[in-house]
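The chain is shown first.

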Amino acid sequence: MTILDKNFEPASAEARLYSGWEQAGAFAAQPASPAAPYSIMIPPPNVNGVLHVGHALTMTLQDILVRYRRMQGRDVLWQPGTDHAGIATQIKVEQLLTAEGTTRKVLGRETFLSRVWRWKAESGGTIIQQLRRLGASADWARERFTMDEGLSVSVREVFVRLFDEGLIYQDKRLVNWDTSLQTAISDLEVESREAKGSMWYIRYPVEGGEEIIVATTRPETMLADTAVAVHPENEKYKHLIGRMVTLPLTGRKIPVIADEYADPEKGTGAVKITPAHDFNDFEVGRRHNLPMPSMLDRQGRVTLAELGELPGFVQGLEGKDRFVARKEIVAELERLEVLVEVKPHANTVPYGDRSGTVIEPLLTTQWYCNAHVLAQPAIAAVEEGKIEFVPKQWENTFFAWMRDIQPWCISRQLWWGHRIPAWYDEAGKVYVARDAAAAQALAGADVALTQDEDVLDTWFSSALWPFSTLGWPAQTPELQKYYPTDTLVTGFDIIFFWVARMMMMGLHFMGDVPFKTVYIHGLVRDEKGQKMSKSKGNVLDPLTLIDEYGTDALRYSVAAAAGQGRDVKLGAKIVENNRAFITKIWNAARFLEMNGVAPNPAYRPEEAKLPLCRWILDRAGLACMGATSALDQFQISTYAAICYQFVWNQFCDWFIEFAKPGFETGDAKEIRDTAAYVLGIVLRLMHPLIPFVTEELWDHFGFGKKFSLIKEAWPQGGFDAEQVALTSEVDWLIELISEIRSVRSEMNVPPSVKSPVLLQDASPETLARAERNFEAISRMARASEIGPLVGAVPKNVAQTVLGEATILLPLEGLIDLDAEAKRLTVTLAKAQSELEKVRAKLGNVDFTSRAPETVLEEHREREQAFATEVSRLSAALQRIS
């Protein structure tokens, strides 16, 4: 066996190791296996997407869980696939067509769709290859696409069944309309932006000679006002309820109505109601049975067709852009002297996240799903504990939305997507069926039918993902074994749009929950806790990080920061620093190999005799138990911390350092065998977290066949209940060396200078321990000698306490104590001053109420750091006082 290379080279190792796993079938589920199943459905990334740091986080967390369960002997299915991403993909291909000098309208629907499928075949699988680079051990042979034939059958089946049950229907309601893309879009695709705007105050004459002033940020929509609302208890306007007002510009009469939507404390207390162009107004209009005329068309231009007879000025607005019309309307209101005043106003304006266009609430006929009915079993499933959210507080967010859920608009005015399985005859009667032949059978052979032009919302097919990917509506072996799935890992931003809808559809069509646990992780932010954005220039490319530092370093970085309920701070420096951990493991393995350490199949840990060996075996057992508990509870950052503490601190810094002289003694065989055994535990324990370096070391040392670590048994904790007496001396030795090192560091004693160590009031056992372990104490604590204090305590000593003994370090002649005391005093005063400043800021209500959470968190971290420094410096001063 060749000696390990000096450095682990991820660039050359990762592709080779990944290919080895894949060719060995290590990722494949085994439906016929008697092993208990463990299944996770990958949140399908957009087929046109590329890997970003959000993917790096969620895929790493999932891969940790599936690798862990696989090592526990479970039959793991990690179901991969991609989403057709209706709007995003259509935009992408349309951009390509524009560059070629043509459009989808010129091509026609069928030719355009053929072009999209061609693009998907050529370029659509990029992100799947990138997920492989992240080490994702999904069952790629089972990869699905939300528009492949099997899933399309599922989509049509669900649509038809829900229609037949009256849970899918057509209705005329307000939608988020994108005037650029010419389609309705979901709330998730609307981006709210703060903008500096105006509030216009307009005088509406009331019959009988009075007037009422309304305030609006959108004066152009007044053309379609159908009422003015006031609060029923508003004393200022109460007497006007039921009277008619004259709508400026149009001269139309509209009523003053009483509705609690009108807030007496907001604006003037009177609200213009435009049901066809505002979501709140639409609900008011429904409550009061108001007319709902539209004054904007689908391009965002003024249309007067539904407004009746109009004066010449208003007629002149026909066909003008909404923002042009706004300026002209404001100018005319000013001319007519009904514009009372204009005030600057901060607006929240909705934009399409894809088009960048201001979104228009538009009244259109669309297909809807009765989400309220479907939501009730999902709510009950969470209430009854059939589905658990981790962290639990996300249940409150889920309940708040689900208990007030609105009808779900499921139709989109696109060409790319699942075309709605509905056909119309010439009279407009609709026939919903699984295919054209079935629709024709419903309508009659001689009836001419035209299929609905719209496609389904992308989230509709995504909602079926947990069972459509397993073959439903066919009753497949996979469906029987892997549904319901075990865990869903996702971000909080799609709890409503995807998680809740999977619950609704799974319970309705499968009669059971789609998953038992929903593990919600935070967002990935930069090192300062700021949201990543191109404008800030702080966006990280995970592939660049992988190229620079290796996949394991990136995986460890996101996992270590993924505390429950917390966002993840990530930066290149963080990944670079964590690469040092990967290097530490590699260097430790290399050192052990150079000292003759190799696996011994005959080794029995329970037969170990040396206290050092019993100690590291005990610590290995505790680490295994802690890691198992953390992973079972989805505490991924705790698992990473346990691995770090055990491997870096206990195994590398203490066991290997203590063991170095032992390689040349009669204890060498037990030390080598124990070191190899524990190294094997380290590699198994950390494999789910850092799979590449662990597999490389496993294979190199010959712990098993090549590429076999991925399916090795998960290490178990606990070797011997009678460990305390045998391990306590090692614990004492570690504490002693740590205390001496700490004092020397605080006193600025040069590492090259050895110093005597005196033990005051030490028991005979403590003195005996010190004598037995002097070699390690001398080497690792830089002690020239160690023994009991005889006579009076010398002058100029630093001291600390361990157990019953006081540890004394005579410093006379080693450092200038007066100068050191002055240095510590100055440094302490500075740290105290900084601590007071940050505490004053955190105690300032004006600051804490205005500062972003990221700034507050940074100040709290500084407070903790300064407090720790003050405590350390105070202790150092006391040691030499």
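Which backbone nitrogen does the side chain of Asp281 reach? The side chain of Asp281 comes to 2.8 Å from the backbone nitrogen of Thr274.

The model is predicted, so local features need pLDDT of at least 70 and side-chain atom pairs pLDDT 80 or more, while totals for chains, interfaces and linings use all residues. Residues are numbered from 1 along each chain as its sequence is written, and side-chain values use heavy atoms, without hydrogens and water.

Asp281 lies in helix H8 (residues 279-288); helices are DSSP runs (H or I) of at least four residues, and strands (E) of at least two, numbered from the N terminus.

Leu697, in helix H24 (residues 691-701), is counted as buried because its relative accessibility is 0%.

Contacts (heavy atoms within 4.5 Å) are tabulated without residues up to four places away in sequence.

| Residue | Contacts |
|---|---|
| Asp281 | Tyr261, Lys272, Ile273, Thr274, Pro275 |
| Leu697 | Leu4, Ile585, Trp586, Ala589, Leu683 |

Four strands form an open sheet of mixed pairing, ordered E10-E11-E9-E12; strands pair if DSSP finds at least two bridges between them. Strands E10 (244-246) and E12 (270-273) are at the edges, each with a single partner strand, so one side of each has no neighbour in the sheet.

Technical notes. Polar contact = N/O pair within 3.5 Å; in protein donor to acceptor, adjacent residues only side chain to side chain. Buried < 20%, exposed > 50% of the residue type's maximum accessible area, 1.4 Å probe, protein only.
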